[in-house]
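Subject: Structure handover

Hello,

Please find the structure below. My notes on it follow, for you to read alongside.

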Number of protein chains: 2
Amino acid sequence: MAQLGGPDAVVLREATRRAGVSPNAAYRHFADRGALLRAVSDIAQGRAADAMEVEVACVSGASGTGDAATDARAMLRAVGTGYLAFARDEPGLFRTAFSVPDQLANSFDAAKAGAAGRTPFQILSAALDAWAAAGILPPERRANAELYAWSAVHGLGMLVIDGPLRGLSAQMIDGATARVLDMVERGL
Amino acid sequence: MAQLGGPDAVVLREATRRAGVSPNAAYRHFADRGALLRAVSDIAQGRAADAMEVEVACVSGASGTGDAATDARAMLRAVGTGYLAFARDEPGLFRTAFSVPDQLANSFDAAKAGAAGRTPFQILSAALDAWAAAGILPPERRANAELYAWSAVHGLGMLVIDGPLRGLSAQMIDGATARVLDMVERGL
DNA sequence: AAGATAATGTGTACAATGTCAACAATCGCA
DNA sequence: TGCGATTGTTGACATTGTACACATTATCTT
């Protein structure tokens, strides 16, 4: 349901119907619809992590150029590319993953991890650590850098999927993705 | 209703109740709930424009430093600051304004304009024109620059009010706002 | 093995919502 | 004056979240 219609489509009664039980059975497992939605959101974040790991693996698999700075940049681009690929391929899951209120502190929760064991936030963090290690991110700018990079790609994703940029052509989105990543790379 | 609870809180029956008419009277004015929501969204965008104009007026009113580049930068920061101030002060309206699917082409629609007659998109566009005029935005990067700057601030806004960054302290948000604007300024 | 205790599921019920169809009043204009 | 368009009303239906009371099944202890 989340996949097809996003958070609003996660409807408790329909879930029980598909499970072949009565509506109220759900209340033995979730306090209310919100709790169910949060659980689905966690799983959706895991899927996002998977999509990101795919792109990351692409550049890591190439075993690097030998230059730590170049590799780190490629890695961060892969993280952003994966995030936005997920937004485009699975808009329902994307919104379910990242449009359900939560606390930053929970971003490390294992329930939100993908198959590789990392949450989306952790994947992003690792890429930024590589930047810092390669010396292309001054130490005084490392703090909370996740939030800034995340904001840029998240904003593009939301505008395109669920906002005033809906219906942008695929090429436009491709271009915008590349340009937003350029901006992050230069501006971080 | 949008102010208090965002798009989901815009409920047709309650609207008619407050108008003192029967539920179905709404169908003489709006095709369905979606149409009502779109109309509310337009108005909310006008409010966003107002919030942005306030910040813009602050820096314009200072009649500038004389340096076009410095002024242009201050203007763009004001646009971003206003956008995020609106997100924080009126999260319900913000989400109603920018989380309702629409087409980029409609971003100039007069129905979305604030009291000063400009839509949020037009305000942003003007600030970027000033950048180009001041020579701090190379011509080849001017195209669609709105989308990239917009993505960054929009992402932060959404993450903070409706996503995994909910409950960030006010200082953290202040800091993140400044840093995201720094990033845009450097990276655009 | 037997019984207590927790877990899970069922039925009925209620208030709310979006929306459809048919009907009524009102207003503007020829 | 009368007619068409605009606006509103009544009644109805399917769907949803959720509360309460009750039944069943697992599980664990004695």
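Which residues in α5(A) do Y83(A), F86(A), A87(A), R88(A) and D89(A) in α4(A) meet? They meet P91(A), L93(A), F94(A) and F98(A), where contact means heavy atoms within 4.5 Å. By class, this contact of α4(A) with α5(A) has seven nonpolar, no polar and two charged residues. In that division Ala, Val, Leu, Ile, Met, Phe, Trp, Tyr, Cys and Pro count as nonpolar, Asp, Glu, Lys and Arg as charged, and the others, Gly among them, as polar.

Before the rest, some conventions. This is a predicted model, in which local features need pLDDT of at least 70 and side-chain atom pairs count only at pLDDT 80 or more, while totals for chains, interfaces and linings use all residues. Residues are numbered from 1 along each chain as its sequence is written, chains are lettered from A and ligands numbered from 1 in the order in which they are written, and side-chain values use heavy atoms, with hydrogens and water left out.

Helix packing

Helices (H or I, at least four residues) and strands (E, at least two) are DSSP runs, numbered from the N terminus. In chain A, helix α4 (residues 68–89) and helix α5 (residues 91–98) pack with their axes 5 Å apart, at an angle of about 120 degrees. Axes here are lines fitted to C-alpha atoms, for helices over the stretch in contact, and angles run from 0 to 180 degrees between N-to-C directions. α4(A) and α5(A) are therefore oblique to each other; angles under 35 degrees count as roughly parallel, over 145 as roughly antiparallel, 65 to 115 as roughly perpendicular and the rest as oblique.

In chain B, the axes of helix α4 (residues 68–89) and helix α5 (residues 91–98) come within 5 Å and cross at roughly 120 degrees. On the α4(B) side the contact is made by Y83(B), F86(B), A87(B), R88(B) and D89(B), and on the α5(B) side by P91(B), L93(B), F94(B) and F98(B). Seven nonpolar, no polar and two charged residues make up that contact.

The two copies

Chain A is superposed on chain B by a rotation of 180 degrees with 0.0 Å of shift along its axis (RMSD 0.0 Å). The two copies are thus related as by a two-fold rotation axis. Superposition is by least squares on the C-alpha atoms of residues with pLDDT of at least 70 in both. Of the interface residues of chain A, 100% are also interface residues in chain B, so the copies meet through the same surface.

DNA strand C

A residue is near a strand if one of its heavy atoms lies within 4 Å of it. DNA strand C is surrounded by 15 residues, the closest being S22(A), N24(A), R28(A), R17(B) and N24(B). Helix α2 (residues 12–19) of chain B gives the most to this surface, with three residues. A polar contact is a pair of N or O atoms within 3.5 Å; within protein, one must be able to donate a hydrogen and the other to accept it, and residues adjacent in sequence count only if both atoms are side-chain atoms. A polar backbone atom of S22(A) is 2.5 Å from a phosphate oxygen of DNA strand C, and an N or O atom in the side chain of R28(A) is 2.5 Å from a base oxygen of DNA strand C.

DNA strand D

Around DNA strand D there are 15 residues, with R13(A), N24(A), S22(B), R28(B) and H29(B) the closest. Helix α2 (residues 12–19) of chain A supplies the largest share of this surface, three residues. An N or O atom in the side chain of R13(A) is 2.5 Å from a base nitrogen of DNA strand D.

Regards
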